[in-house]
Amino acid sequence: MRSLTAIAPALFLTINTVLVANSYAQQSQYEGDPTYDDVRIKVQDDIDIPAEEEGVLITMNVREGTRVKQGDIIGTIDDRLPKAQRVIAEFSLEAARARADDDIEEKYAKKAAEVAKTDWEQDLEAERRSPGAVAAIQIRRKKLDWERSILQIEKAEKDQFLSEKEVNIKVAELGAADVSLERRTIKAPFDGDVQTVYRHQSEWVNPGEPILRLLKLDTMHVECFVDSSKFDPVDIAGKPVTVRVDLARGRKASFEGRIIYVSQSVQSDGHYLVRADVANERAGDYWLIRPGLLASMTIHVSETAAK
């Protein structure tokens, strides 16, 4: 009877051969790029643009279907009051700067202190040379005049410091007026298409109330669920994809993209979510990839993933 030590190497080689064979068999089973028909087409950005201030919507520059660029002015809420407040803030700032630049009081206080000190010192010298020539109360008063002049210098310097601080306050007030105006100017946060207009010109709006719905359609999200028993996240992440969209009259359009997101969670059925970014295209004035269309997505797992 052969010993366990003698048959162990042979047994290990047999098991290893079986495992490798099974591995190759599974790899062969999943060779090729998988295609998923049950994909979901989603808009990359879909937001309701709200009013930030209350008031009457005095201008509305778009309608449903309008295409806007980032920064385009969509509408304006009544801004007459903040415009007037900004003018007041500008004049207040000019006055504050003029006061901050005015150092006449400080210069005068320094000159007055020099004169008061000289006058006091002259009386002291006269009293030293001829005791009793100058009344003691007069000397004390002139010393007080000099000390008061010193305090006036300090006050002038303090007033100058406060004037400079007032300039900072007025700059902040002007900035606040600009913010108030900006909050009444409704701008497009990104390039997009106006889907729905909720409020129209001459209507009253409140803060937080949606004015319109804006969609970003130049890049679309395409999602599907991948079987975790066939592909690990590392097999899918960053891989290029091809999305085929069903158009009218049996036509199809193909678009290239790349996987940008792989969920870390696996659902109860063993599948996990993946998402691709796909650049959209237009036919005339209309986008070809639209939410709700039927589409399929092929994930090119055999190609190199993006870094």
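In this predicted model, F161 counts as partly exposed, with a relative accessibility of 40%. That value falls in the partly exposed class because buried means under 20% and exposed means over 50%. F161 belongs to helix α4, a helix that covers residues 136-183. Along the chain, F161 and A100 are 61 residues apart, yet a distance of 7.8 Å separates their C-alpha atoms.

Helix α4 also carries E164. Like F161, which is partly exposed, E164 is partly exposed, and its relative accessible area comes to 42%.

Turning to the strands, an open sheet is built from four of them, arranged in the order β6-β5-β3-β8 with antiparallel pairing. The edge positions are taken by β6 (185-187) and β8 (204-205); each has a single partner strand, so one side of each lacks a neighbour in the sheet. In general, the strands of a sheet pair through backbone hydrogen bonds, in either a parallel or an antiparallel manner. Here, β5, made up of residues 73-77, pairs with β6 in the antiparallel sense, and three bridges link the two strands. Within this pairing, G75 has I186 of β6 as its bridge partner.

Terms used: Residues numbered from 1 in each chain as written. Predicted model: local features only at pLDDT ≥ 70, side-chain atom pairs only at ≥ 80, totals over all residues. Heavy atoms only, no water. Helix = DSSP H or I, 4+ residues; strand = E, 2+ residues; numbered from the N terminus. Buried < 20%, exposed > 50% of the residue type's maximum accessible area, 1.4 Å probe, protein only. Pairing = 2+ DSSP bridges.
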